[in-house]
Amino acid sequence: MTRRLMLLDTASLYFRAYFGVPDSVRAPDGTPVNAVRGLLDFIARLVQDHHPDDLVACMDFDWRPQWRVELIPTYKAHRVAEETETGPDEEEVPDTLSPQVPVIEAVLDAIGIARVGAAGYEADDVIGTLTGRAAGPVDIVTGDRDLYQLVDDRRGVRVLYPVKGVGTLQPVDEALLREKYGVDGSGYADLALLRGDPSDGLPGVPGVGEKTAAKLLASFGDLAGILAAVDDPAAKLTPAQRKRLAEAKPYLAVAPKVVRVASDVPLTPFDAALPAEPRDPEVLEALAERWGLGGSLQRLLGVLGG
């Protein structure tokens, strides 16, 4: 029997929960827990609406991997709060969100929801690897459009993209990608690296926006086809396009490795099955009392037990 896998881009979702739930939601000692409770409510709704058999909370063990920075030094550079010599740079995170992240991790662990990451890799890379390994359909829940590159109708891989807070999800399949961007899942990474992405510090090709990138891909198939056209005097490129693409060749040589999610992340064994009851009820009860998780935790446990 084919199992349905749901992969959470956890940081993307708790950021959205943090900004979507008022910080007046607090623990008994007054500490904000809006991200914690918002994420628990979101997971409860996802499980209730989409009925996954397996669920994995994919984690950023390194939000800005050095191997990506070495290829494109501007990669996420504007988000660095503090550079470190011995480990990952610290990401700029709202003051009242940072203390909630360990609570989120502890609660997920006590519930028994698989929490998976790998040193030197982003959650996107974990998602790419687990998607590639999946034998059945996959729902990827993320607010990061970069993961559109994994959408594959043939394999039943889609993205559930939150369009308003965390309550309304847009299912993204290849038909939607073709309608909105003119590419399918496999072409989305090429589109993204050509147009660039200021939020990730990706410069893109100057003068090539989303529409131009889509037209180039429609004409020449993929990035390799576009680069071949640059060197072919007979190819139908405007002089300006040919010049810009030729000048951008050093960037285009390294950008695919940065933009495409890894598919070979080394992961330690874990159990992805959705738990019917908490793995560690006593620890969970203590966390619930300490942080005032109330109805949010009970709703999730009710859905899991149902």
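# Notebook: strands and helix packing

I note that the model is a predicted one.

**Entry 1: the strands around S7**

I then looked up the pairing as a whole: S7 and strand S8 (residues 168–172) run in the antiparallel sense, joined over five bridges. Next I turned to strand S6 (residues 138–141), which pairs with strand S7 (residues 157–164) in the parallel sense over four bridges. Here I recorded Val157 in S7 as the bridge partner of Val138.

**Entry 2: the sheet**

In what order do the strands of the open sheet lie? I read the order as S5-S2-S1-S6-S7-S8, six strands with mixed pairing. The edge strands are S5 (114–116) and S8, each of which pairs on one side only. On average, neighbouring strands of this sheet are turned by 25° against each other, direction ignored. I then looked for a helix on the sheet and found that helix H1 (residues 10–20) packs on it, touching strand S1 (5–9), strand S2 (54–58), S6 and S7. The direction of H1 makes about 60° with that of S1.

**Entry 3: H2 with H13**

Two packed helices are described by the angle between their axes and the distance between the axes. I looked up both values for helix H2 (residues 34–50) and helix H13 (residues 294–305): the angle is about 20°, and the axes are 8 Å apart. Angles under 35 degrees count as roughly parallel, and H2 and H13 are therefore roughly parallel to each other. Their crossing is left-handed. From H2, the residues in contact include Leu40, Ile43, Ala44 and Val47; from H13, they include Leu297, Leu300, Val303 and Leu304. I sorted the residues of this contact by class and have eight nonpolar, four polar and three charged.

**Entry 4: H2 with H4**

H2 also packs with helix H4 (residues 100–111), at an angle of about 35° and with the axes 9 Å apart. I noted a right-handed crossing for H2 and H4. On the H2 side, the contact is made by Asn34, Ala35, Val36, Leu39, Leu40 and Ile43. On the H4 side, I listed Gln100, Val103, Ile104, Val107, Leu108 and Ile111. How many residues of each class does the contact of H2 with H4 have? I recorded ten nonpolar, two polar and no charged residues.

**Entry 5: H9 with H11**

The axes of helix H9 (residues 223–230) and helix H11 (residues 249–259) come within 12 Å and cross at roughly 165°. Angles over 145 degrees count as roughly antiparallel, and H9 and H11 are therefore roughly antiparallel to each other. The crossing of this pair, H9 and H11, is left-handed. Leu223, Leu227 and Val230 of H9 meet Lys249, Leu252 and Pro256 of H11. In this contact I found five nonpolar residues, no polar residue and one charged residue.

**Entry 6: the whole chain**

Lastly I looked at the chain as a whole, which has 13 helices and eight strands. Its C-alpha trace spans about 70 × 45 × 35 Å along the principal axes. I looked up the radius of gyration, which is 21 Å; for 306 residues a compact globule would have a value near 19 Å, so the chain agrees with this expectation.

Terms used
Residues numbered from 1 in each chain as written. Predicted model: local features only at pLDDT ≥ 70, side-chain atom pairs only at ≥ 80, totals over all residues. Heavy atoms only, no water. Axes fitted to C-alpha atoms, helices over the stretch in contact; angles between N-to-C directions. Helix = DSSP H or I, 4+ residues; strand = E, 2+ residues; numbered from the N terminus. Parallel < 35°, antiparallel > 145°, perpendicular 65-115°, else oblique. Left-handed = near helix turned anticlockwise from the far one by under 90°. Contact = heavy atoms within 4.5 Å. Nonpolar A, V, L, I, M, F, W, Y, C, P; charged D, E, K, R; others polar. Pairing = 2+ DSSP bridges. Rg over C-alpha atoms; globule rule 2.2 N^0.38 Å.
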